[in-house]
Structures are given as C-alpha cells and as structure tokens.
Amino acid sequence: MLLLAGVAGCTTVQDQPLPIELESISYETGPCFGACPVYRVTVSPDGTGTFEGKRFTAVTGERSFRITPDQYRAFAAQLAPLRPAEGSIRMSGEACRQMATDLPSAEVTWFSPIGNSQSYYFYYGCDMERNRAIAERLTQAPRLLPIQAMIGRD
C-alpha cells in the first residue's frame with residue numbers, strides 16, 4: 001500500500017504549470033495610417049527589459065532598461081486575461097463583425113523557458129465598441145513599464 005501512495009504522488013515538472021514569474025513577455029505595436037508609435041518591448045522576470053523603437057518613437061533602435069519585480073508582476077497581470085491557453089488568438093480580419101481601417105495593432109507574446117509560447121494579436125479597429133475593454137487593457141499595459149520617455153507620444 002505504501003508503494004502505491006508513493007507512485008501516485010510522483011509528478012514531472014512538465015505536469016505542473018510554470019509560474020508566471022519564469023516567463024518573458026513581448027508587447028509589440030503595429031503601424032497605423034499616420035504617425036502611431038511602432039515599437040517592441042520585452043521584459044523578463046529577472047528585471048531585464050529591452051525596448052526597440054521602430055517608427056515614430058522618441059528613441060529609435062534598441063535600448064535596455066530595468067524593472068522591479070512589482071513592475072513585472074503588474075505588467076504580466078494586466079495582460080494575463082488575454083493570454084490563450086495555447087497557441088495564438090488573432091482579433092482581426094474575419095474575426096471582426098465590423099472593422100474600422102487605418103488603426104494600429106498590438107501583439108503580446110508570452111515565452112516560457114521550456115520553449116512554449118502563446119500570443120494574442122489585436123487590431124484596434126476590430127469591433128471597436130464590443131472590444132473596448134480589450135483595447136483599454138492593451139493600451140494601459142506599457143504604461144506600467146518605465147518606457148514612456150522612449151515611446152514619446154501615445
């Protein structure tokens with residue numbers, strides 16, 4: 001009987017969900033018809049961050065920065081409700097009943113240390129009224145990081 005209890009209690013690391021504190025998160029904006037900031041920011045739970053300004057940002061190119069554990073957790077928590085259980089979700093094109101044109105997009109990708117990733121892509125013109133909460137959640141996320149001076153204007 002003791003042997004069965006011991007075997008039943010064995011699990012592998014892969015059976016356990018990884019804690020969010022082990023994942024890097026990338027947040028990338030897409031262009032619009034106009035001068036919307038286009039950049040990618042990636043943060044890791046070890047406090048490292050990378051900002052890459054692409055177009056219409058105060059800083060062009062790659063810059064490193066540091067964040068606190070609280071900043072990482074706040075950023076991760078802000079984006080967590082959008083995270084798919086697996087794979088990716090795209091809120092654009094055929095996924096939209098109504099679509100306004102010429103607006104920017106945002107894509108969030110969660111990277112685990114074992115190589116898995118999930119991503120969420122959102123086009124801001126996709127069912128704007130119905131998806132207002134998603135748009136606000138995505139818009140607020142980068143404000144939780146010390147990158148506003150690198151982005152410049154919103």
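Tutor: We take the sheet, then the helices on it. This is a predicted model, where local features need pLDDT of at least 70, side-chain atom pairs count only at pLDDT 80 or more, and totals for chains, interfaces and linings use all residues. Residues are numbered from 1 along each chain as its sequence is written, and side-chain values use heavy atoms, with hydrogens and water left out.

Student: How do I read a sheet, and what is the strand order here?

Tutor: Helices (H or I, at least four residues) and strands (E, at least two) are DSSP runs, numbered from the N terminus. Two strands pair if DSSP finds at least two bridges between them. Here 7 strands form an open sheet with mixed pairing, in the order E4-E3-E2-E1-E6-E7-E5. Strand E4 (61-66) and strand E5 (88-91) are at the edges; each has a single partner strand, so one side of each lacks a neighbour in the sheet.

Student: Which way do E6 and E7 run?

Tutor: Antiparallel: 7 bridges join E6 (residues 105-111) to E7 (residues 117-123). For instance, Trp110 has Gln118 in E7 as its bridge partner.

Student: What does helix H2 touch in the sheet?

Tutor: Contact means heavy atoms within 4.5 Å. Helix H2 (residues 69-79) packs on the sheet and touches E1 (24-30), E2 (38-43), E4 and E6. Axes are lines fitted to C-alpha atoms, for helices over the stretch in contact; angles run from 0 to 180 degrees between N-to-C directions. H2 makes about 60° with E1. Helix H3 (residues 132-140) lies across E1, E6 and E7, at about 115° to E7.

Student: Which residues of H2 are buried?

Tutor: Buried means under 20% relative accessible area, exposed over 50%, partly exposed in between (1.4 Å probe, protein chains only). An α-helix has 3.6 residues a turn, so residues three or four places apart point the same way. In H2 the buried ones are Tyr72, Phe75, Ala76, Gln78 and Leu79. They fall within an arc of 160° down the H2 axis, so they line one face of the helix. The arc is that of the directions from the helix axis to the C-beta atoms. Their cover includes E1, E2, E6 and H3.

Student: Which residues of H3 are buried?

Tutor: Ile134, Ala135 and Leu138. These lie within an arc of 100°, so they line one face of H3.

Student: At roughly what angle do the axes of H2 and H3 cross?

Tutor: Roughly 165°, and the axes come within 9 Å. That makes H2 roughly antiparallel to H3 (over 145 degrees). Ala77, Gln78 and Leu79 in H2 meet Glu136, Arg137, Leu138 and Gln140 in H3.

Technical notes:
Angles under 35 degrees count as roughly parallel, over 145 as roughly antiparallel, 65 to 115 as roughly perpendicular and the rest as oblique.
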